[in-house]
Amino acid sequence: MRIVCPFCGERELGEFTYLGDAKPARPAADAGEDAVFDYVYLRDNVAGAMSEHWYHGGGCRAWLKVTRNTLTHEISAVEPAAGVGAAKVGA
Amino acid sequence: MAEFSWEVRSPLERALVAGPYGVRGDAGVSLTEIRSFDLIQVMARRGKAADMAEAARARFGVAAPDAPKAVGTPDATLIWSGPDQFFVLSKAGKHSIEAVGSAFAGSASLSDQSHARVLTSVSGTKARAMLAKLTSIDLHQGAFPIGAAAATSMDHTSVTLWRGDDRDGQAVFNLLVFATFAESLWHTMLDAAAEYGVNIGHSDEL
Amino acid sequence: MVGGPQTHRLSNGGLIDRSAPLSFRFDGKTFVGYQGDTLASALVANGVKLVGRSFKYHRPRGILTAGSEEPNALVELRTGARREPNTKATTAELYEGLEAASQNRWPSLRHDFMAVNQLFAPIFVAGFYYKTFMWPAKFWEAIYEPAIRRAAGLGRAAGIADPDHYDKAWAHCDVLIAGSGPAGLAAALAAGRSGARVILCEEDFALGGRLLADGGTIDRLPAADWISRTLAELAALPDIRIMTRTTLFGVYDGGTHGAIERVNDHLPSPPEQQVRQRLWRIVAKRCVVAAGAIERPIVFAGNDTPGVMMASAMRTYVTRYAATPARRVALFTNNEDGWRTVETALDAGLQIAAVIDARAEVSPAHRSLASKGGFTVLNGSVSGVEGGKDGVKKISVSMTGGARAEVEADGLAVSGGWNPAVGLTSYHRGRPKWRGDIAAFVPDGAPPGMVAAGAANGDFGLGACLREGFAAGASAARDAGRNRKAGAAPVAEDEAYSLTPLWHVAGKGKAFVDYQHDVTASDVELAQREGFESVEHLKRYTTLGMATDQGKTSNIAGLAIMAAVSGKSIPETGTTIYRPPYVPVAIGAFAGHHRDETFHATRLTPSHHWAVEQGAVFVDTGLWKRAQWYPRAGEKDWLDSVTREVKAVRGGVGFCDVSTLGKIDVHGPDAGAFLDRVYINTFSNLAVGKARYGLMLREDGLVYDDGTTSRLAEDHYFLTTTTAKAGLVMQHLEFCRQVLFPELDVQLTSVSDQWAQFSIAGPKTRDLLKEIVDPAEDLSNEGFPFMGAREVALRGGIKARLFRISFSGEMAFEISVPARYGEALVRNLMLAGKQFGVTPYGTEALGVMRVEKGHVAGPELNGTTTAADLGLGKMMSTKKDFIGRVMAGREALVAPDRQVVVGIKPTDKARRLRSGAHIIPKGQTPGPDNDQGYVTSVCFSPTLDQWIGLGLVERGRERIGEIVHAHDPLRGEDYDVELCNPVFYDPDGGRQRG
């Protein structure tokens with residue numbers, strides 16, 4: 001598999017580490033145990049396009065949000081995580 | 001009281017044996033370790049990418065690379081190392097972390113990596129053939145021209161690879177590798193290059 | 001002259017070099033062949049028909065094909081450590097001194113004892129093993145399986161390490177082409193002229209594919225001349241790479257392809273410094289599969305008799321190798337193409353015994369060829385073959401209409417039509433589709449960017465191959481953005497190809513579908529009767545297509561027979577799923593450089609070579625080599641050395657390389673706020689110049705990692721991790737920074753390799769440091785208190801960082817210098833410390849002292865423990881949010897009966913404590929119900945003069961002083977231990993603060 005890193009270009013799978021579903025968002029500090037439980041444990045079992053976190057640890061160390069079809073491995077979109085472009089915030 | 005000598009020792013000092021290696025005859029690959037350099041990682045702070053770029057231009061006279069590229073100046077090379085960050089490679093303290101620190105005050109965080117990496121240059125008629133065993137990056141002339149850079153991996157080890165100016169009509173590939181991995185990767189490079197014949201050396205010149 | 005004459009070699013012709021004779025041995029007998037031969041063609045030229053015994057029935061087998069689809073002619077190639085089982089004689093290139101042996105026979109190929117299996121053939125049906133060896137169950141491993149494995153199976157592996165080297169490499173191109181037949185070469189021409197970067201892989205050592213055997217006229221040139229002209233044109237183009245002896249065996253996601261290059265398989269051993277084989281990962285924007293087609297057998301009784309050969313293979317042996325598999329040839333065909341073998345045989349001066357053509361109509365041209373050649377054309381099918389290990393003798397024919405005939409011949413060429421090689425195009429679960437006109441499956445659902453052309457696409461005519469290949473090459477180049485003019489396609493005529501499908505001829509005797517796995521037509525029928533009708537079930541029940549040839553010559557016939565007996569059409573029956581690799585690939589090639597010492601990359605600390613000089617014993621810790629202890633003369637074992645090192649530290653001073661700890665620079669205005677969120681305790685209030693121990697949780701509330709973090713400047717922290725988790729913590733922190741807390745202004749850099757870091761410990765630590773640190777630096781307890789951290793100058797001008805932290809319970813500092821000074825630092829420490837008896841110590845002594853001091857490490861930070869379990873619950877801040885905070889409060893994680901860290905010591909002081917021993921209440925019989933925990937870390941404590949340890953024990957801290965039972969079923973040990981305070985040494989901490 002190859003992933004087009006938005007910074008480095010197309011790279012082979014071995015440079016990346018898979019984390020998992022990128023959809024769950026970390027609940028606010030006061031959200032309560034149920035919300036955190038869902039965030040930590042509850043996952044959809046997606047057959048089709050899924051948004052996933054991948055780490056380009058063997059390259060530029062950017063965390064990426066990759067939209068991958070779990071049935072075909074087709075990757076339709078790759079975007080950096082929110083904090084990667086932080087240096088350009090407000091620019 | 002004892003007199004202490006503070007000898008600087010490259011991580012490759014023992015592994016590197018200057019001279020020919022592998023198949024005899026004309027060496028297809030030249031491997032040269034560059035032993036003496038300063039290396040600083042420069043990382044823009046939040047919202048300060050433009051300030052960092054401005055500071056880089058003021059200090060080095062060129063724009064810091066904002067894409068996987070290496071930019072040469074007369075006394076430093078700026079190498080992209082990730083989004084909103086780059087390396088400053090120089091020598092003789094001209095752009096050491098002490099010298100550069102104030103230039104980026106407020107716009108970037110600096111981390112000294114001078115001892116954290118080993119720098120090797122790979123050239124020769126078989127350099128690409130040998131590197132094809134180590135890197136998944138396409139080093140074809142059209143895909144990786146002079147000044148191209150990549151943050152990538154070799155043998156599961158993170159490296160920074162960039163193409164310098166040609167020497168004697170041959171492409172030159174420069175490689176920064178983590179110091180504690182350097183000896184291991186060095187042996188892997190020798191294994192990869194042995195069938196082409198290798199000319200091994202070291203230098204203090206960037 | 002060694003060996004006999006090449007009795008079956010034509011006096012001229014062939015793509016062999018008669019000036020280069022090569023002697024070789026097969027089953028101990030010496031023969032001669034020529035450069036350009038394969039082992040199979042050289043055996044054919046020497047009249048050898050019997051080359052092996054079959055897998056199950058030990059039936060005599062010969063050579064069926066001339067390519068990588070061969071199911072029969074498998075040999076052990078080479079000897080000793082280089083012996084390679086199941087090598088196809090049909091693709092093994094001949095070299096001087098080649099040695100090969102037949103397989104699966106005893107004591108010899110001609111007199112095979114196990115051939116008695118044939119007498120029991122009626123019981124060796126599909127599913128035989130499952131049905132027969134069902135009980136008693138315990139007999140399976142002890143008796144049945146070893147016996148079956150001895151009787152069945154193929155060649156023997158060398159059994160010793162392969163002396164050769166293998167490597168792996170990457171290649172990149174616009175257009176990748178599989179196959180160098182007319183379609184492949186035309187594709188290369190078109191893509192190359194368009195300006196594309198092209199890689200063409202050909203598994204053969206010669207380029208040309210079927211042109212090498214079947215010739216033809218292209219652009220009014222004889223095929224051989226056209227090949228030469230084409231190769232010259234390709235050589236002149238800038239970016240064409242032609243790789244012979246290279247099989248494209250798989251296609252993976254994103255245009256990544258696998259290929260195996262047999263770099264030096266054609267030599268007795270690889271030349272100096274060269275590899276035997278190379279595994280290629282080829283990244284291509286487009287791929288043209290011009291891998292041709294495989295001629296398919298017809299299933300009839302005795303179809304495995306040596307001398308029965310595919311018609312196209314017979315042409316290959318005669319034309320390409322000038323070797324004659326038979327002198328009097330019969331042909332059994334159901335199609336036009338088979339007749340080409342008759343033409344070839346007649347041209348070579350061979351006799352044609354008869355042509356058995358299953359079709360109702362034979363063309364007038366072939367009728368006149370028959371009358372000119374003086375042979376009969378029988379309209380019917382072969383129903384049996386007489387002969388055995390000496391080859392075909394007589395062929396029985398069932399004529400259309402019911403009459404029978406017999407034909408005397410010593411060779412039978414068979415053509416059942418052609419199957420496109422649909423492997424590569426089907427590897428992404430593409431299901432090939434049925435084409436009625438050629439009665440064959442053709443590619444469908446190929447992976448993105450891949451297209452089949454020519455025979456691989458079911459278009460068998462030479463003209464069609466060239467047109468399709470050229471068009472596919474040009475369009476692949478265009479898709480890759482290469483748009484130069486490709487010019488005109490090569491031109492040739494299309495031969496006629498008509499066939500009447502015929503898969504199986506009824507008859508008496510075994511009719512083989514899968515030669516390599518000895519699966520017969522009646523096995524397929526039995527599978528259907530027993531309900532294994534789905535092709536996937538058929539495959540697994542009969543093992544059809546599961547041999548090393550993956551059923552290249554058998555799958556389609558097998559499913560066609562299944563279709564017939566189940567009353568379905570062939571497309572309804574369908575194919576099984578195709579999976580790579582297309583040909584077997586040696587494990588050595590997949591491993592490449594990664595074997596033995598280079599199995600994985602190795603990390604060396606800055607003092608590594610110095611430690612080697614000292615004679616240190618090293619331990620692998622992840623990728624690291626760490627000094628474990630430093631033996632000295634007279635010490636009888638490791639315990640002696642470790643005990644000495646511990647005593648030296650506790651009584652004086654020692655140092656240990658701790659550079660392996662992960663080190664991370666945390667920069668930025670929000671660095672403190674960031675650390676507050678990732679650690680359970682607070683760091684934003686840490687004063688500059690101070691260090692603090694920190695504990696990280698996972699989001700699920702369990703402990704992730706620990707380490708000390710120092711504040712070097714207002715906006716700069718220096719964080720350390722455990723050795724094991726260094727990379728993972730960096731990844732985790734980057735996740736926190738980039739994904740979870742993007743609003744924070746913080747920057748992270750690994751500085752693990754920038755600093756050489758040493759722990760200096762023992763009551764004389766300060767004395768030693770005073771020798772080496774600039775006298776202006778204040779190292780007193782007031783000037784540099786416990787948990788202080790700052791930069792200091794060393795004598796001689798360099799700067800270092802000092803951290804007053806202790807893992808041993810002693811007065812201790814960690815000192816770090818830029819890594820290239822690391823070796824100088826240890827030498828200087830040795831020099832300066834000589835007067836104090838300074839002692840380098842390894843990871844064992846480090847471990848002993850941390851257990852004595854009750855510090856937790858890897859065995860306790862094991863992914864199941866909470867901060868409270870480790871006795872660190874009070875560190876958990878209640879004033880801020882941090883990762884893992886909420887989940888750490890879950891009921892089960894705060895339950896009072898959790899297993900928590902406690903000290904453990906045997907009641908018998910002489911007793912050795914072992915980690916892994918289970919803790920059971922005293923007086924109870926050990927079992928899962930009363931298991932209360934286990935011993936996690938142990939050491940021999942020189943300080944207490946007995947074995948001690950730490951453990952995770954239910955309510956352990958409330959039970960200090962209780963005697964419990966240690967049960968160690970693994971080592972068969974049972975003994976009593978006392979639960980005690982985990983801090984065995986200096987519990988009030990006076991020593992490290994003094």
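Two strands are taken to pair if DSSP finds at least two bridges between them; the legends below apply this to a predicted model.

**View 1. Strands β5 and β6 of chain B, a pair in the antiparallel sense.** Strand β5 of chain B covers residues 76–82 and strand β6 of chain B covers residues 85–90, and the two are joined over five bridges. Within this pairing, G82(B) stands opposite Q85(B), which belongs to β6(B). Strands of a sheet pair through backbone hydrogen bonds, either parallel or antiparallel.

**View 2. The open sheet of five strands in chain B.** The strands of this sheet in chain B follow the order β4-β5-β6-β3-β7, and their pairing is antiparallel. At the edges lie β4 (70–73) and β7 (108–112) of chain B, each of which pairs on one side only. From one strand to the next, the twist averages 25 degrees.

**View 3. The contact between chain A and chain B.** On the chain A side, 19 residues take part, and they are in contact with 17 residues of chain B. Sorted by class, the side of chain A that touches chain B comprises ten nonpolar, five polar and four charged residues.

**View 4. Packing of helices α7 and α8 of chain C.** Two packed helices are described by the angle between their axes and the distance between the axes. For helix α7 (residues 311–320) and helix α8 (residues 339–347) of chain C, the angle is about 25 degrees and the axes are 9 Å apart. Because angles under 35 degrees count as roughly parallel, α7(C) is described as roughly parallel to α8(C). The crossing in which α7(C) passes α8(C) is left-handed. From α7(C), the contact draws on A311(C), M314(C), R315(C), V318(C) and T319(C), while α8(C) contributes R340(C), T341(C), T344(C) and A345(C). By class, the residues of this contact of α7(C) with α8(C) are four nonpolar, three polar and two charged.

**View 5. Domain 1 of chain C where it touches domain 3 of chain C.** In the domain assignment of chain C, domain 1 spans 1–161 and domain 3 spans 303–415, while the other domains include domain 2, made of the segments 166–293 and 421–479. The contact takes 23 residues from domain 1 of chain C and 19 residues from domain 3 of chain C. On the domain 1 side, α1 (39–45) and β4 (60–61) of chain C each supply at least two residues, and α1(C) gives the most, with three residues. That side of domain 1 of chain C has ten nonpolar, seven polar and six charged residues.

How values were computed. Residues are numbered from 1 along each chain as its sequence is written. Chains are lettered from A and ligands numbered from 1 in the order in which they are written. This is a predicted model: local features need pLDDT of at least 70, side-chain atom pairs count only at pLDDT 80 or more; totals for chains, interfaces and linings use all residues. Two residues are in contact if their C-beta atoms, placed from the backbone, lie within 7 Å. Ala, Val, Leu, Ile, Met, Phe, Trp, Tyr, Cys and Pro count as nonpolar, Asp, Glu, Lys and Arg as charged, and the others, Gly among them, as polar. Axes are lines fitted to C-alpha atoms, for helices over the stretch in contact, and angles run from 0 to 180 degrees between N-to-C directions. Helices (H or I, at least four residues) and strands (E, at least two) are DSSP runs, numbered from the N terminus. Angles under 35 degrees count as roughly parallel, over 145 as roughly antiparallel, 65 to 115 as roughly perpendicular and the rest as oblique. A crossing is left-handed if the near helix is turned anticlockwise from the far one by less than a right angle, and right-handed if clockwise. Domain bounds come from an automatic or database domain assignment.
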